[in-house]
Amino acid sequence: MEKVIDKLVAHLPHEMNILKVVEECAELQEVLVKYLTKSEETKPKKEKIIEEMGDTVFRIVVASRMLDIEVDVQQRMEFKARQLDKWISDKIKN
């Protein structure tokens, strides 16, 4: 997977990599909204959610490497996890 990511970063224009993130985010948004709003018979199957989440995460990884912000993104994720851990702890106490 790392080789593919490096090839995409090296050979696709930055604009294309960013547009792919936007496209995948839109597809994920669509499938999640349908999951929440459609009836059991018509809501997307979990396989479709897995597909769109996987595609989105992959493209975000490509873009973060392209922009040389992988470490910063990881640090932000860790910060967000600490923030949400505190929020959950506060909610459980109340």
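Select Lys86 and you have an example, because at a relative accessible area of 53% the residue counts as exposed. Before going further, note that this is a predicted model, so local features need pLDDT of at least 70, side-chain atom pairs count only at pLDDT 80 or more, and totals for chains, interfaces and linings use all residues. Residues are numbered from 1 along each chain as its sequence is written, and side-chain values use heavy atoms, with hydrogens and water left out.

**Stop 1**

Side chains of opposite charge can pair when their charged atoms come close. Helices here are DSSP runs (H or I, at least four residues), as are strands (E, at least two), numbered from the N terminus. Asp90 is partly exposed, at 31% relative accessibility.

Now pick Glu2, Asp6, Arg65 and Glu70 together: salt bridges that share partners join them into one network. How many salt bridges does the structure hold? The count is nine.

**Stop 2: Lys48, with two glutamates**

Jump to helix H3 and select Lys48, Glu51 and Glu52. Lys48 forms a salt bridge with Glu51, the closest N and O atoms being 3.4 Å apart, and another with Glu52, where the closest N and O atoms are 3.1 Å apart. Glu51 sits three residues from Lys48 in helix H3, so about one helical turn separates them. Glu52 is four residues from Lys48, which also means about one helical turn.

Colour this trio by accessibility. Lys48 counts as partly exposed at 35%, and Glu51 is partly exposed too, at 39%. Is Glu52 buried or exposed? Glu52 counts as buried, because its relative accessibility is 4%.

Stay on Glu52 and show its neighbours. Leaving out residues up to four places away in sequence, Glu52 touches Glu24, Glu27, Leu28 and Val31, where contact means heavy atoms within 4.5 Å.

**Stop 3: the largest pocket**

Next, select Val57, Ile60, Val61, Ser64, Glu70, Val73, Gln74 and Met77, which line the largest pocket. The elements giving two or more residues to this lining are helix H3 (46–66) and helix H4 (70–93). On a 1 Å grid over the protein atoms alone, a pocket is an open set of points where a 1.4 Å probe fits, with protein on both sides within 12 Å along at least five of seven lines, whereas in a cavity the probe cannot get out; lining residues have an atom within 4 Å of a point.

The pocket volume is about 170 Å³, taken as the space filled by probe spheres set on grid points that are joined across faces, edges and corners. By type, the lining divides into five nonpolar residues, two polar and one charged. In that scheme, Ala, Val, Leu, Ile, Met, Phe, Trp, Tyr, Cys and Pro are nonpolar, Asp, Glu, Lys and Arg are charged, and the others, Gly among them, are polar.

Zoom in on Ser64, in helix H3. Ser64 is buried, at 8% relative accessible area. The Ser64 side chain reaches the backbone oxygen of Val61 at 2.9 Å. Not counting residues up to four places away in sequence, Ser64 touches Ile69, Glu70 and Val73.

**Stop 4: two loops**

Select Asp68, in the loop between H3 and H4. Check its phi: the value is near 55°, positive in a residue other than glycine. Asp68 counts as exposed, at 66% relative accessibility.

Finish at Pro13, in the loop between helix H1 (2–11) and helix H2 (14–37). Pro13 is partly exposed, at 44% relative accessibility. Draw a C-alpha to C-alpha distance from Pro13 to Met66: they are 53 residues apart in sequence and 9.8 Å apart in space.

How values were computed
Buried means under 20% relative accessible area, exposed over 50%, partly exposed in between (1.4 Å probe, protein chains only). A polar contact is a pair of N or O atoms within 3.5 Å; within protein, one must be able to donate a hydrogen and the other to accept it, and residues adjacent in sequence count only if both atoms are side-chain atoms. A salt bridge is a side-chain nitrogen of Lys or Arg within 4 Å of a carboxyl oxygen of Asp or Glu.
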